[in-house]
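The sequence and the structure are shown below.

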Amino acid sequence: MIEPTIALQTAIRSRLLDRPAVTALVQPDNIRAGSTRPDRTPAIIMSDGTTALHGYDYTAQRAAWVNLDLHIWTLDQGQEAAKAIAFAVCQALDGQLDLVGAHCDHFEVTRAVYPRDPDPRYGHGVLSVDALIRWIV
């Protein structure tokens, strides 16, 4: 398996690309990992995230909690557009995620916040997600 945060980002992106309610609001190329305000909007940018490793069990399984944020950006559409995209993303992420080479025992969107950007033309939302991932070493 690849590193757990990358596996989670890949699974989330696949799910979002598979949901017409999301791709109707955000172009597929604008759903990606990254760390800065995007050049093209609307966009969904997944942060690098964090991984809390929980060690091995008796079968050489490894487990980790993975947390990451999905930043939703709009330009000249208002904060309401960011909230509409966030709602579509929450709906799309409901249910079990499929990871390549691993199993996701727990996944949920835990928080939604809408901070104001210093540039008032931008709408910004942040969805936080938590996942418990395990894999065989």
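Which residue lies over the face of Y122? In this predicted model, R37 takes that place, at 4.1 Å from the ring centre. A further charge over a ring is that of K83, which lies over the face of Y114 at 5.2 Å from the ring centre.

**Aromatic pair**

The partner of Y122 is W73: the ring centres are 6.0 Å apart and the planes stand at 90 degrees, so the arrangement is edge-to-face. Because W73 belongs to strand β4 (residues 61–75) and Y122 to strand β6 (residues 122–136), the pair ties together parts that are 49 residues apart in sequence.

**Cysteines**

The structure contains zero disulfides. A disulfide is a covalent bond between the sulfur atoms of two cysteines. The cysteine sulfur closest to that of C90 belongs to C104 and is 16 Å away, which is too far for a bond. C104 is likewise in no disulfide, its nearest cysteine sulfur being that of C90.

**Accessibility**

| Residue | Relative accessible area | Class |
|---|---|---|
| W73 | 7% | buried |
| Y122 | 13% | buried |
| C90 | 26% | partly exposed |
| C104 | 1% | buried |

Of the cysteines, C104 is buried, whereas C90 is partly exposed.

Technical notes: Residues are numbered from 1 along each chain as its sequence is written. This is a predicted model: local features need pLDDT of at least 70, side-chain atom pairs count only at pLDDT 80 or more; totals for chains, interfaces and linings use all residues. Side-chain values use heavy atoms; hydrogens and water are left out. A disulfide is a pair of cysteine sulfur atoms within 2.5 Å. Buried means under 20% relative accessible area, exposed over 50%, partly exposed in between (1.4 Å probe, protein chains only). Rings of Phe, Tyr and Trp (its six-membered ring) pair if their centres lie within 6.5 Å; planes under 30 degrees apart count as stacked, over 60 as edge-to-face and the rest as tilted. Helices (H or I, at least four residues) and strands (E, at least two) are DSSP runs, numbered from the N terminus. A charge sits over a ring if NZ of Lys or CZ of Arg is within 6 Å of the ring centre and within 35 degrees of the ring normal.
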